[in-house]
Amino acid sequence: MVNQSQISLPHCLLCLLIALQVIPAAKAQPPGVAAEAHGVRNDLPRPYFTQRNWGQLPSNTSSWGAVTAVEPSPDGKFIYVVHRCFENSCEDRLEDPILKFDYAGNLLMSFGAGLFLWPHGATVDYEGNLWVTDARGNESMGHQVFKFSSEGEILMTLGLPGQGGGGPERLHWPNDVVVDPDDGDIFVADSHRGGYNNRIVHFDREGNYLKEFGEKGAAPGQLSEPHSIAMDSAGRLFIGDRENNRIQIMTQDGKVLDEWRHFGRPSGLYITPDDTLYVADSESGPDTGAGELTGIMKGIRIGSAIDGQISSFIEDMEPLRDDHSGAEGVGVDHQGNVYGAVVRRRMLERHVRYP
């Protein structure tokens with residue numbers, strides 16, 4: 001079991017220092033970085049401390065692969081973590097990419113070995129089933145979305161194994177998936193950077209294709225790497241339009257309702273039942289040629305899915321690093337702890353609010 005109290009200072013000492021204002025809860029912005037750039041603030045309160053490498057790994061897994069998704073079950077009992085087996089790929093690996101934990105970080109089970117090349121996004125639906133996307137493909141596997149029972153049984157697949165493409169039957173490097181709790185309809189964000197499609201694909205609860213919307217571009221309703229998708233309590237779709245540095249809010253028919261740029265460059269989205277929005281920004285900072293926002297700190301921004309007001313920030317370990325870093329996936333458990341799925345550094349972070 002990895003030490004769950006692995007933080008930079010003892011918890012009680014941190015609390016004392018904050019109370020004495022020796023360490024402010026909201027750190028000052030770095031020199032030379034504007035308080036607000038591209039509509040994104042760097043001076044937000046920081047009310048969480050961080051535990052790294054939370055959770056017990058399987059006996060045949062010596063270290064985390066790239067961690068891509070963290071999803072709690074709706075009953076508040078389990079947490080699913082998706083990682084890429086070894087370093088950054090599951091191709092030809094024997095490890096299970098899906099790990100199921102209790103809230104103490106004890107490993108309950110693992111599954112999914114041999115099914116994925118590059119597991120990416122995930123969601124847990126209202127019935128407790130886990131959905132995971134495979135955002136790569138070869139001649140025989142990939143380009144799919146898998147639906148699992150809570151015990152790891154495959155219940156449904158979307159897309160054709162190894163056959164990337166468009167249209168009603170094929171997907172190409174699907175990024176993420178969300179399920180409507182009212183009618184069970186399924187929405188898949190398709191594709192990853194450089195992929196064949198830039199669209200949202202709508203299926204019914206049985207996996208039958210209904211429609212799609214979106215195309216490559218930067219205008220309202222167009223998409224460029226829809227990296228994450230989430231749904232609020234009103235059934236609106238929040239799409240992390242990453243290369244366009246925005247969240248687009250749409251109806252389930254694809255009508256654009258709004259776009260928000262002040263949450264940064266969205267890699268991961270998570271919305272709790274009370275419509276609190278968590279946005280993981282793993283790519284802002286110096287422009288590496290992918291159109292990143294400059295002068296903006298990497299981390300997780302927390303606000304309201306109703307009005308877009310941002311209340312707090314979880315700063316990344318390397319917030320202004322030149323290349324990409326930090327959490328791409330984000331999840332929140334029933335105790336309010338925030339989990340960051342870190343790809344480049346290959347770790348799972350757990351952020352706990354100061355008492």
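A salt bridge is here a side-chain nitrogen of Lys or Arg within 4 Å of a carboxyl oxygen of Asp or Glu. The views below are taken from a predicted model.

**View 1. The salt bridge between glutamate 283 and arginine 242.** The side chains of this pair meet with an N to O distance of 3.2 Å. Glutamate 283 is located in the loop between S21 and strand S22 (299-304), while arginine 242 belongs to the loop between strand S17 (237-241) and strand S18 (246-250), so the contact ties together parts that are 41 residues apart in sequence. Glutamate 283 and arginine 242 are both buried. By the rule stated at the outset, the model contains 28 salt bridges.

**View 2. The salt bridge between arginine 345 and aspartate 316.** An N to O distance of 3.1 Å separates the two side chains.

**View 3. Arginine 345 with glutamate 349, and the network to which they belong.** Arginine 345 also forms a salt bridge with glutamate 349, for which the closest N and O atoms are 3.3 Å apart. Glutamate 349 is buried, as is arginine 345. These two residues and aspartate 316 are part of a network of salt bridges.

**View 4. The backbone at cysteine 85.** Most residues other than glycine have a negative phi. Cysteine 85, although not a glycine, has a positive phi of about 65°. This cysteine is placed in the loop between strand S5 (79-83) and strand S6 (98-101). With a relative accessible area of 2%, cysteine 85 is buried, because the cut-off for that class is under 20%.

**View 5. The backbone at aspartate 275.** Aspartate 275 is a further residue other than glycine with a positive phi, here near 65°. Its position is in the loop between strand S20 (268-271) and strand S21 (276-281). Aspartate 275 has 8% relative accessibility and therefore counts as buried.

Technical notes. Residues are numbered from 1 along each chain as its sequence is written. This is a predicted model: local features need pLDDT of at least 70, side-chain atom pairs count only at pLDDT 80 or more; totals for chains, interfaces and linings use all residues. Side-chain values use heavy atoms; hydrogens and water are left out. Helices (H or I, at least four residues) and strands (E, at least two) are DSSP runs, numbered from the N terminus. Buried means under 20% relative accessible area, exposed over 50%, partly exposed in between (1.4 Å probe, protein chains only).
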